[in-house]
Each structure stands twice: as structure tokens, then as C-alpha cells.
Amino acid sequence: SGIEGIENEISPDVQPFDVGLNASEGTTYLGITAFPGGTRGDYQEGVAQALNTPLVAGSEYLFLVDLANPVSEPGEIRGCGGIEIWGGNGNDDFVELLWKSPIVVDNSDWQTFTVNFTPSANFTHIQLLAGLYEGCNRDYVVVDNLQAQSNVLTPPEINTTANEICPGNFPELSVEEVPGAIYQWFLDDAP
């Protein structure tokens with residue numbers, strides 16, 4: 001689960017006081033670290049927030065978040081990592097891992113990730129933690145520009161290059177990409 005042995009004295013940073021990376025949005029961003037097997041067990045920094053409206057079981061949620069693993073980090077914490085997003089009903093209540101980012105390797109540039117989850121229970125709080133990843137010794141990841149997206153996708157516009165389809169002729173199909181959408185083309189009910 002990645003949360004066993006979390007120490008109580010977690011202390012994330014408000015950056016960029018010593019990272020040398022401009023915010024992806026606004027002027028500040030969050031810096032958090034994680035490392036497995038410290039002197040008192042695994043260590044993960046994070047933040048928690050009570051939600052104005054609880055997350056509802058079975059409802060789909062869609063966010064965008066910017067992550068980076070900057071070249072310059074406090075204490076020269078180098079490695080790979082990312083974030084975990086948990087649902088719960090209090091600041092220290094880690095009930096369900098809702099989403100875990102792909103590993104962010106040493107990278108000085110911001111990367112935007114799509115966060116998509118459907119909680120299995122109602123939650124009044126959300127927690128964002130530095131993730132523990134196999135093969136990553138220590139990590140300092142920075143987080144910015146977390147923004148909710150509408151979970152109703154606009155259908156894509158599909159265009160063809162032919163007005164008439166005759167047996168043996170196949171039109172070329174193209175589609176304008178819609179963020180968060182997955183496409184599957186079918187021919188005679190087969191992908």
C-alpha cells in the first residue's frame with residue numbers, strides 16, 4: 001500500500017525557495033519527498049484537504065496535475081518517484097488508493113498527467129503523498145496546477161475522405177483528439 005510506517009512529522013515544502021524551477025501555474029508549488037526503509041520505516045511527505053463536497057462512491061473524477069523531478073533538490077535527494085492520491089474521512093485516514101502516478105524520473109521540466117478515478121466509497125478528505133516506487137531509493141517530486149476537469153467528454157468529430165463507401169473501397173477516417181478519451185475503431189463489429 002505504500003503507507004505502512006508513515007511518520008507523523010511529515011513536512012512538505014512550499015517552493016521554489018531552493019529548487020530553481022518556475023511554477024507551471026502561479027508563483028508557488030508543493031515539494032514532497034519519500035524514501036523507503038528509513039531509520040524508523042518508510043517515510044512519505046504529503047498534504048491532506050477536507051473537501052467542500054465529498055467524493056461519491058461510483059462517480060468518476062477527472063483531474064490534471066503537473067509533476068516534475070527537478071535537477072536541483074533540497075538535500076540533493078535524487079531518484080525517481082511520483083505521487084499517490086488517497087481518499088479517506090480525515091487528514092490521516094488512508095482508506096483507498098485512488099490513483100498513483102507513473103514514475104517521474106530526473107527531469108527538470110513539468111509533465112502534465114491525467115488523473116482519473118472512481119472511488120468505491122464516499123470520502124470527505126483527499127490526501128496527496130509522495131509515492132513509494134520499487135527501485136526508487138529517494139525522491140523529491142514537485143506538484144503544481146491540480147485542476148478538476150469535467151468528467152463529461154465531448155464526443156470527437158469524425159471525418160472521412162470519401163462521401164460514398166463501395167464494397168472493396170475503404171475511406172480514410174480521422175478524428176480530432178479529445179483529452180481523456182480512448183478510441184477504438186471497429187469494422188463489422190470487430191476491432
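**Close-up views of the cavity, pocket, strands and ring contacts**

A search of the whole structure, which is a predicted model, finds one cavity of 30 Å³ or more.

**View A. Lining of the largest cavity.** The volume of the largest cavity is about 40 Å³. Its lining comprises 12 residues, and those nearest the centre are Ala34, Cys80, Gly131, Tyr133 and Cys136. Strand β2 (residues 29-38) makes the largest contribution to this lining, namely three residues. Classified by residue type, the lining of the cavity holds seven nonpolar, three polar and two charged residues. Tyr133, one of the residues nearest the cavity centre, also carries Lys100 over the face of its ring, at 4.3 Å from the ring centre.

**View B. Lining of the largest pocket.** The largest pocket has a volume of about 380 Å³. Twenty residues line the pocket, with Gln49, Leu51, Phe63, Ile126 and Leu146 nearest its centre. Two or more lining residues come from each of β4 (46-55), β5 (61-69), β9 (123-130) and β10 (139-149). Of these elements, β4 supplies the largest share, eight residues. The lining of the pocket consists of 14 nonpolar residues, five polar residues and one charged residue.

**View C. Strand β9 and its two antiparallel partners.** Seven of the eight residues of β9 are buried. Strand β9 pairs with β4 in the antiparallel sense over six bridges, and within this strand Ile126 is the bridge partner of Gln49. Both Gln49 and Ile126 are among the residues nearest the centre of the largest pocket. Strand β6 (residues 83-88) likewise runs antiparallel to β9 and is joined to it by six bridges. Here, Ile85 has Leu128 of β9 as its bridge partner.

**View D. Stacked rings of Phe63 and Phe117.** The whole structure contains four aromatic pairs. In one of them, Phe63 and Phe117 are stacked, with 5.9 Å centre to centre and 15° between the planes. Phe63 belongs to strand β5 and Phe117 to strand β8 (residues 107-117), so the pair ties together parts that are 54 residues apart in sequence. Phe63 and Phe117 are both buried. Ring pairs also bring in Tyr61, which forms a cluster with Phe63 and Phe117.

**View E. Edge-to-face rings of Trp86 and Phe94.** Trp86 and Phe94 form an edge-to-face aromatic pair, with 6.0 Å centre to centre and 90° between the planes. Trp86 is buried, at a relative accessible area of 4%, whereas Phe94, at 21% relative accessibility, counts as partly exposed.

Conventions. Residues are numbered from 1 along each chain as its sequence is written. This is a predicted model: local features need pLDDT of at least 70, side-chain atom pairs count only at pLDDT 80 or more; totals for chains, interfaces and linings use all residues. Side-chain values use heavy atoms; hydrogens and water are left out. On a 1 Å grid over the protein atoms alone, a cavity is a set of points where a 1.4 Å probe fits but cannot get out, and a pocket is an open set with protein on both sides within 12 Å along at least five of seven lines; lining residues have an atom within 4 Å of a point. Grid points are joined across faces, edges and corners, and a volume is the space filled by probe spheres set on the points. Helices (H or I, at least four residues) and strands (E, at least two) are DSSP runs, numbered from the N terminus. Ala, Val, Leu, Ile, Met, Phe, Trp, Tyr, Cys and Pro count as nonpolar, Asp, Glu, Lys and Arg as charged, and the others, Gly among them, as polar. Buried means under 20% relative accessible area, exposed over 50%, partly exposed in between (1.4 Å probe, protein chains only). Two strands pair if DSSP finds at least two bridges between them. Rings of Phe, Tyr and Trp (its six-membered ring) pair if their centres lie within 6.5 Å; planes under 30 degrees apart count as stacked, over 60 as edge-to-face and the rest as tilted. A charge sits over a ring if NZ of Lys or CZ of Arg is within 6 Å of the ring centre and within 35 degrees of the ring normal.
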